[in-house]
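Colleague: Please take me through the side-chain contacts and helix packing here, one point at a time. Begin with the terms.

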Amino acid sequence: MIKPLTSFRFLFALMVFGSHLQFFDADKYPKFAKLYYLVFGEGYIGVSFFFILSGFILSLNYDDRLLSREVSFREFWVARIARVYPLHLMTMLLGLLLLLYAPNPGAEFMLDVPANLSRLFTNAALLHAFVPEMSYYFSCNWPSWSLSVEMFFYFAFPFLVFLLVRNKLLLRFGWVLLLAIPYLIQLSPDTGYHRFFYINPFFRIVDFLLGILLHQIYKHGYVAKAFRSRLRATAMEVLSIGIMVLIFHYHNAVPQVYRYSCYYWLPMALIILSFSYQRGYLSTMLSTKFLVFLGEISFSFYMIHQLIMRLLIYENQRRELIGNSYVLAAIIFSLSLGLSYVLHKYVEVPCSRYVRNRYRKSAFAQPPLAIAV
């Protein structure tokens, strides 16, 4: 386990949580509206971080084991399904119940039966991100669209290892793809940016490839000299955070489509690479037991928080229980955090262990896993 990166998982999950705090009245809470405009509105970048981190961690844990045949494709895929599917199914069912109890404004969930059966099937199969319609990729539990994207990464990963990692093709030519993305975006039509550059699995796999590329740089020691001493490592950690803050500060001057895709690649890559060495003082701070624990439950937090938010907002609008939106947000966060612990302990971990033990072909050690979002 790379403890600092595990802690970062929760910090970026918090950004995603903040991006969903859209129930504040801007006229009544102008300070929060300004904070949302400057910070929380960009919270979707947490998903980009998860995709890049997923590529890095999977490459770290599985490259050599897949190439040496220590782990088969089947064993890898079973481990991945076991990681995400139990919690996905539970939150999908909870999301379905929530739609029946508190349908979205204008929702036609009960009216178009064939279409909704299709949405339910694609969601259950984790294929819904491939359908470029919001009613599909945001069906049931909305954040699960990212699991659909991750499942595509998981299917492709063993092939990517043999095609791009074994022969170092990604190291040699990966920069061409990364530089081509901004140019291709510039040539694209100015409609459907969210669907095609933020949701689309075929585009988001570039984030995943960036994570794999970062691990190849880490593995071959190309930047190891910068982290040899504790002081140098700390300087690199501070530098990576500083660059992230600087780039984030100017985000409103950058077109949305680039922020959906490539704008944050550099600072996120630097953070993952810098903290992967775990040698600086900031790494020590992020390796405390409490922060690592929050990182471990961050997947459950990510998957449950919006369901809690939608339910409590609906009930509050019906019954007018809480008049202060700050209090409502605090209650939503507290309940989401508490349920995250319960889901992690009693659903995520035991169900994952059961699926691995039940369906794996042969025993193999299960390494620490990155968040799948």
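Modeller: A charge sits over a ring if NZ of Lys or CZ of Arg is within 6 Å of the ring centre and within 35 degrees of the ring normal. The model is predicted, so local features need pLDDT of at least 70 and side-chain atom pairs pLDDT 80 or more, while totals for chains, interfaces and linings use all residues. Residues are numbered from 1 along each chain as its sequence is written, and side-chain values use heavy atoms, with hydrogens and water left out.

Colleague: How far is Arg 119 from the ring centre of Tyr 136?

Modeller: Arg 119 lies over the face of Tyr 136. Its distance from the ring centre is 5.4 Å.

Colleague: Over which ring does the charged end of Arg 230 sit?

Modeller: The charged end of Arg 230 is placed 4.1 Å from a ring centre.

Colleague: How many aromatic pairs does a search of the whole structure find?

Modeller: Rings of Phe, Tyr and Trp (its six-membered ring) pair if their centres lie within 6.5 Å; planes under 30 degrees apart count as stacked, over 60 as edge-to-face and the rest as tilted. By that rule, the number of aromatic pairs in the whole structure is 49.

Colleague: At what angle do the planes of Phe 10 and Phe 301 lie?

Modeller: This pair links distant parts of the chain, with Phe 10 in helix 1 (residues 3–19) and Phe 301 in helix 16 (residues 298–319), 291 residues apart. Helices are DSSP runs (H or I, at least four residues), numbered from the N terminus. Both Phe 10 and Phe 301 are buried, which means under 20% relative accessible area, with exposed over 50% and partly exposed in between (1.4 Å probe, protein chains only). The centres are 5.6 Å apart and the pair is tilted, the angle between the planes being 55 degrees.

Colleague: Is Phe 153 buried or exposed?

Modeller: Phe 153 lies in helix 7 (residues 145–165). Beyond four places in sequence, it contacts (heavy atoms within 4.5 Å) Phe 51, Pro 201, Arg 204, Ile 205 and Phe 208. Because its relative accessible area is 0%, Phe 153 is buried.

Colleague: How far apart in space are Phe 153 and Gly 55?

Modeller: In sequence, 98 residues separate Phe 153 and Gly 55. From C-alpha to C-alpha, the distance is 8.3 Å.

Colleague: At roughly what angle do helix 8 and helix 10 cross?

Modeller: Axes are lines fitted to C-alpha atoms, for helices over the stretch in contact, and angles run from 0 to 180 degrees between N-to-C directions. The axes of helix 8 (residues 169–187) and helix 10 (residues 201–219) come within 10 Å. The contact includes Leu 170 and Ile 185 of helix 8 and Phe 203 and Ile 217 of helix 10. The crossing angle is roughly 145 degrees.

Colleague: How far apart are the axes of helix 4 and helix 17?

Modeller: Helix 4 (residues 73–101) and helix 17 (residues 325–359) pack at an angle of about 145 degrees. Among the residues in contact are Ala 79 and Leu 87 of helix 4 and Leu 343 and Cys 351 of helix 17. The axes are separated by 8 Å.

Colleague: What is the relative accessibility of Cys 140?

Modeller: Cys 140 is in the loop between helix 6 and helix 7. Its phi is near 55 degrees, a positive value in a residue other than glycine. Most residues other than glycine have a negative phi. Cys 140 counts as buried because its relative accessibility is 4%.

Colleague: Which class of accessibility applies to Gln 278?

Modeller: Gln 278 lies in the loop between helix 13 and helix 14 (281–286), and its phi is also positive, near 55 degrees. At 35% relative accessibility, Gln 278 counts as partly exposed.

How values were computed
Helices (H or I, at least four residues) and strands (E, at least two) are DSSP runs, numbered from the N terminus.
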